Structures are given as structure tokens and as C-alpha cells.
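Visitor: I've got the sequence and the model open side by side. Could you walk me through them, one question at a time?

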Amino acid sequence: MSPLGTLAARFMMLSLVAVGGVQSILPEVHRVVVEMHQWVTDAEFTQMFVIARAAPGPNMLLVTLVGWHVAGLPGALVATAAVCAPSCALSYFAAGVWQRFRGAPWRRAVEAGLAPITVGLVLATGWLVMGGAPGGWVAYTITGLTTAVVLFTRINPVWLFVLAGGLGLLGLV
Amino acid sequence: MTPPPAADRVTLGELYRGFFTAGARGFGGAMPWARRMLVEERRWLTPREFTDILGLCNFLPGPNIVNVSIVVGARFGGPRGAVVAFVGLLTLPFAVVLALAALYTRYGHMPGIDAVLRGVGAAAGGLVFATGIKMAETLPRTALAAGFLVLAFVAIALLRWPLIPVLFTLAPLSVLAAWPRRP
């Protein structure tokens, strides 16, 4: 099989078990691309992880970079499509089922049960995103300020990101 | 709860632009930007609807924000809406990540990128916190809801337990507790 075909097949299989996003299949992606096929080295894999995190959007873009490394732009497109298509198809199907049972008592119970866990996970994500930057008081001030601005003002937080990035670049965070 | 009136007429072009901005601004994660776009700026969803859709998407494989784009796109534009919202979300991140990789390959390092990320990470944490607090405002004020929220937070953030077992243990318990009682 061509590298592109292998890439597509491998990533499509991983797509359907990636509950929680790419983070949860990261060890398996590493096993497949570094150990099994040796498409990238261990060091390159780490670099790609850092680059994917630096870009906006989901960390899933790590897979895009692996595709790019293997087969250029076609590889990037194929890898991205392969890792998304199966899970997106499932989401599309689930959305249809969910819509059909709108108003059903069991659906309301499921939503009522999931809502507090969903919010707990969002708050936990905030904690982990912040913890990914274990900084001093400047970092905590930025986090607290951003929280307050988003909650109590109509200022677009994009400007806080620009400011925070600038402070980081100056070595202050 | 009825959806806000703006939700009646969402064109494919608007879906694309809405998710494009959520993806473009999504440094440190696109989820809070998607909520801001969907609930506060364009008012396509009520706060409650967003929480419910995100709750569903947490259980589906794939990045939850990608799944949100599919579910919301499908709701307003059928299969074409789903594709358009998905492509909109990923257009810019896809281009940026390839550009960064090209720069990295060419220069062998990205000067300052770690420093910038430290700053942006601190702001992103604040944005996600604020989003979580806004979402918490839509929850029922019950000890049960508060209890499951705290359990999920402690398990993932403080104990650093893996997501999947936590999700598949807490969710059935919480749903069972919310199940309608027979009269």
C-alpha cells in the first residue's frame, strides 16, 4: 500500500476511539507513526506536538503535520480528513438521533445528568491550560484578569491574548 | 426553551464565517470561542443548548469542538451545513499549522514561540475558566449538580485521572440521579 493509503487507513481506525480528542490517542498515534512505520523520529514527533499546540484550533493538527511530513500537502489533507471523517460521520448520525428524541423524558434526564459533568470538565480544562504554563504572579494575574474581563465586560478577549503573548515574548511571564 | 429568533435563518455562508472566526481565534483551544460566537455574538444557540450539545460531543470520538461544528452545522444546514461548518472551523488552523511547520523546518527553531505560548496559555486558561463559570450559571441550583461538577473537576484537574474512565463512571451515575421519578 502507498504511504498515503496506509496513513489514511491508520488514522481512520484511530478516529473512532479518540473519545476526548487526540490527547486520548496520543500514545497510540506515537506508536503507529514513530515505532511502527517510522514516518517521523521521536524528536520530530515532539516538535510537531509543540507546533500543533502553537497553532489555533484543536491539537488534532498534530496528525496534519505527520501527513505533511510523509507526503506533503496531499498527505496533510489526507491525514486530516482520515482522522476526522469517521468521528464526524458518527457525530452527524448522533445529532440526527438526538434531534429525533427532542422532548423525550429520557433525553432530558441524560442532558440534566451530563450538564454538570460537562461544566466540571470545562473548568478542569481551564485549570490544565493554565497549569501548562506554570508561571509566577504575572501568569496568575493574566489568568485572573482574563477571567474577570470575559465575565464582567464586553471587551473582546482577543486583545488580552495579544497582550499576554506580548508579555510572554518580552520574557515577563 | 425556544431558540433565539436569529437561529431561524442561518445560511451556509454565515455558518462558514461563524466557525471560521471561532477557529481563527482559537489559540489555546477553540471551544470557548465557539461558545462566544454561537451563544453571545450570533445567538444561534441558547446557553442551555450549547451546554447540552457540548455534553453530547464529549462522548463522541474526535475533538469535541470539531463535533460541535458537525452537530450545529447539521442542525442549521443538514449535511452541507455540517461540512461547511467543519471546513470553516479548520481552514485557518490548517494553514497556520503548515506555515509554522514550514518556518520550523527552514529555520530549525521558532524563536520566542515558547515565551509567547506561556503568556497566551495564561490568558487562555482565564478564558476557559470564565466560559465554565458562564456555563455553570445555566445549571440547576441543586446539591446533586454541584456534587457531580466538583467530582468531575477534582478527578480531571487535581487527581489527573484519565478522561475516559472518569467520563464513563460519572456520567451514568449523574444521569441515573437525574432520571425522572415515577409518581
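Visitor: How many helices and how many strands are there in chain B?
Guide: This is a predicted model, so take what follows as a reading of a prediction. Along the sequence, chain B runs α-α-α-α-α-α-α. That gives 7 helices and 0 strands.

Visitor: What does the C-alpha trace of chain B span along its principal axes, and what share of its residues is buried?
Guide: Among contacts between residues at least 6 apart in sequence, 55% join residues at least 24 apart in chain B. The trace spans about 70 × 45 × 25 Å along the principal axes. Of the 183 residues in chain B, the buried share is 53%.

Visitor: Which element gives the largest share of the side of chain B that touches chain A?
Guide: On the contact count, 83 residues of chain B meet 79 residues of chain A. The elements of chain B giving two or more residues to that side are α1 (12–24), α3 (47–59), α4 (64–107), α5 (113–136), α6 (143–158) and α7 (163–178). The largest share is 22 residues, and it comes from α5(B).

Visitor: And by class, how many nonpolar, polar and charged residues does that side of chain B have?
Guide: We're still on the 83 residues of chain B in contact with chain A. Split by class, they come out as 61 nonpolar, 18 polar and 4 charged.

Visitor: Let's stay with α5(B). How far apart are its end C-alpha atoms, and what span should its 24 residues have?
Guide: Of those 24 residues, 19 are buried, so α5(B) is mostly covered. At 1.5 Å a residue the helix should span 34 Å, and this agrees with the distance between its end C-alpha atoms, 34 Å.

Visitor: Is Gly28(B) buried or exposed?
Guide: Gly28(B) is in the loop between α1 and α2 (31–41) of chain B. Leaving aside neighbours within four places in sequence, its contacts are Val129(A), Val120(B), Gly121(B) and Ala124(B). The cut-off is 20 or more other C-beta atoms within 10 Å; Gly28(B) has 29 such neighbours, so it counts as buried.

Visitor: What about Leu62(A): buried or exposed?
Guide: Leu62(A) belongs to helix α4 of chain A. With 26 other C-beta atoms within 10 Å, Leu62(A) is buried.

Visitor: Last one: in which helix of chain A is confidence lowest?
Guide: Chain A averages a pLDDT of 89, with 97% of the residues at 70 or above. Confidence is highest in α4 (residues 61–100) of chain A, at 94. The lowest mean, 85, belongs to helix α3 (residues 42–54) of chain A.

Note on methods:
Residues numbered from 1 in each chain as written. Chains lettered and ligands numbered in written order. Predicted model: local features only at pLDDT ≥ 70, side-chain atom pairs only at ≥ 80, totals over all residues. Contact = placed C-beta atoms within 7 Å. Helix = DSSP H or I, 4+ residues; strand = E, 2+ residues; numbered from the N terminus. Nonpolar A, V, L, I, M, F, W, Y, C, P; charged D, E, K, R; others polar. pLDDT = per-residue confidence, 0-100. Buried ≥ 20, exposed ≤ 12 C-beta atoms within 10 Å, placed from the backbone. Expected span 1.5 Å × (residues − 1).
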